[in-house]
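Colleague: I am new to this structure. Can we go through the terms you use for it?

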Amino acid sequence: MHRANHNASAMGLSGGKTGAKALFLEKFPTAFQNVKHLKDVIEIVGVERSQTLAVLDGNVMMNAIPSTVDTFRGYVAILANQLEEACQAAAHVVVVFDEPEAMTSAKRAEQRRRDEMRQARVPLCSEDLVATITDDNFSTEDLNIDGCNVKLLMEFRKARPRFYDAVCVALLKRFQTSMTGGAWSLTFDGVDWRGADRGFGVPRHAGILSSHESFWAALLSRPTAPIGEGDLKLTDVTQRVHNASRVEGTPVHGVVLNLVVTIDTDSFAIELLQQSRRERRAEEADRDELTILCLKERARKRAGDDFVTQAHYTCCDMQLFHGLVLEHFYGTKKLNAGTIARQPAALALLAVALALCGCDFVELKGMRADLALPVVREVVRCHPERLDALAGLGDGQLDHAALRQASDLVDFLVDEYTKSINGMPRMQRALASVAQGRCDAQVLRSLWTCSYWHQRELKDCWNWGFSAPSG
C-alpha cells in the first residue's frame, strides 16, 4: 500500500479523537455518509451528472501523489485518473490552485513553516549537484528527461508553480483528446496556460485554463479581488456557478449540486458559514443549491492485523449539517425571529472556537473541539446578546473596527471554556496551557481567521496578531 506525501494531511482544523472532524462525525452522524466513488453521491442525492459541479483542491491533489511516483508522466497519469472519476460524477469539473502573488502575509507565514518541514526531506548536496530542478527555469522537455525526479522538485516552492502549470496543460490536452460526446468541461483556476513552455524569466500569469475558455474565463475572472488561497476558491467557484446556473442558455444552467472535494478540514467551517448565507437568500427558488463536502480518505491498515480500510470519501451534506448544528445549539427548530437573526453570529462564534482549537493560523493550546462545542452552545443559549458583536460579519456589514471589538466576546468564550474544564480529571495541564497561551494576538488571529472563512480576507494581517510582512 503506497503512502502519500505526509504534508498533504497537515492542513485544516486540529485532528485526532478530540478534533473537529471526529466531533462532527460523532455528534451529527446523519449528515455523513461514506462512498467509494464520487458518482455514488449523485445517485444517492438523485440528481443528474448534467446538474452537478465538482470543485477540487489542486494543491491537495498535487501533494497527495504516492511517494513511489516521481516522474512527470506518473503525476499526469494519476491525476488524470482522479479527474476521470470527477468527470463521471459531474458535467463540470473545476480544479483550483493557490495564487502566491495574491496571498496574505498570514498564509505566507504558514507556507514558510511547511517549507521548513519539506526541506528536512531534501537530500543534502552542493548546489551544482542538487538532485532535481529547484527554480522556475525549466521546460516541458526537461520534465520528460529520464531521471527527472519531480517528487523532489515539489519540495522547492520556486519550481512548483511552473510544474503545476505543465501538469495542468498536459491534463487538459489529454481530456480534450479522450472526452467524446455529451456536455462536459474541465477548468483549472490559478494556472498559466503556457505551462512549462513559458519563457525563462517571463512573469507567470495565474489565470483560467479551460476546455470552454470563453465561458469559464469570464465567469471565474477576479481582476479587482484575486483570491490567493485555494480553499477559499472552492466556495467562490460554487457561488459563481450557482449565479450562472439561474441564467438560461449558460453551459451550467440547471446545476444544483456542488461536490467540494478536498482533505482540508478547514472546509467544514468555510462551507458551514457559506451554507448559512445560502439559507438566507431572499428568493425560495434561489435556495435549491445543495453542497456535499467530500473529504478524500486514504486506504489505511490497522496496526496489529490485516484489516484494511479501503480508500473512500467521507461526505457531509452541508444543508443537513447546518440544520443539525443549529438544532444542537438551540434544542428546537421553533425559534423566534430574534434568535433566528442571531444564527449567523452563533455559527461565527463556533468558527472562532474551532480556530482557537487549532488551525493553520492560530492555536490556543489546551483548547479542544470536543470540549469547546458545549461552551459555544452555552454562550448561544444563555448569553445571546453577546453574539451581536459578530452580527453582520457574514454579509460584509461588520467593519474592521467593529470586528476588533469582538475581542471581548472571544475573551468571554475562553473564560467560559476555562471554567468548564476546571476540576475535570486530567485537565490541569490544559488549564495551564490556556492560561499561558492566551494573549491579544491569539484573540485577534481567531477573529481574522473567522473573517477569512467568511470569504473576507483582511489584508493588514500585522494588525491582527500576525508578524509584519517580510518578503
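Modeller: Start with the word core. A nonpolar core is a set of buried Ala, Val, Leu, Ile, Met, Phe, Trp, Tyr and Cys residues joined through side-chain atoms within 4.5 Å. Buried means under 20% relative accessible area. Keep in mind that this model is predicted. Its largest nonpolar core has 95 residues. Trp216, Phe321, Phe329, Leu390 and Trp453 touch the most other members.

Colleague: Which helix gives the most to this core?

Modeller: Helix H14, residues 343-356, with 12 residues.

Colleague: What makes Leu56 and Phe72 part of a second core?

Modeller: They belong to a separate set of 58 residues, which also includes Leu186 and Leu209.

Colleague: Which residues does Trp216 touch?

Modeller: Among them are Leu53, His92, Val94, Ile208 and Val252, leaving out residues up to four places away in sequence. Contact means heavy atoms within 4.5 Å, so each of these has heavy atoms within that distance of Trp216.

Colleague: Why are strands S1 and S5 called edge strands?

Modeller: The open sheet has 8 strands, in the order S1-S10-S7-S6-S2-S3-S4-S5. Strand S1 (32-35) and strand S5 (207-210) each pair on one side only. The pairing in the sheet is mixed. Neighbouring strands are turned by 20 degrees against each other on average, direction ignored.

Colleague: How do you know that S7 and S10 pair?

Modeller: Pairing needs at least two bridges, and 6 join S7 (290-297) to S10 (312-317), so the two strands pair. They run antiparallel. Leu293 has Cys316 in S10 as its bridge partner.

Colleague: What does helix H8 touch?

Modeller: Helix H8 (160-178) packs on the sheet, touching S4 and S5. Its direction makes about 170 degrees with that of S4.

Note on methods. Residues are numbered from 1 along each chain as its sequence is written. This is a predicted model: local features need pLDDT of at least 70, side-chain atom pairs count only at pLDDT 80 or more; totals for chains, interfaces and linings use all residues. Side-chain values use heavy atoms; hydrogens and water are left out. Buried means under 20% relative accessible area, exposed over 50%, partly exposed in between (1.4 Å probe, protein chains only). Helices (H or I, at least four residues) and strands (E, at least two) are DSSP runs, numbered from the N terminus. Axes are lines fitted to C-alpha atoms, for helices over the stretch in contact, and angles run from 0 to 180 degrees between N-to-C directions.
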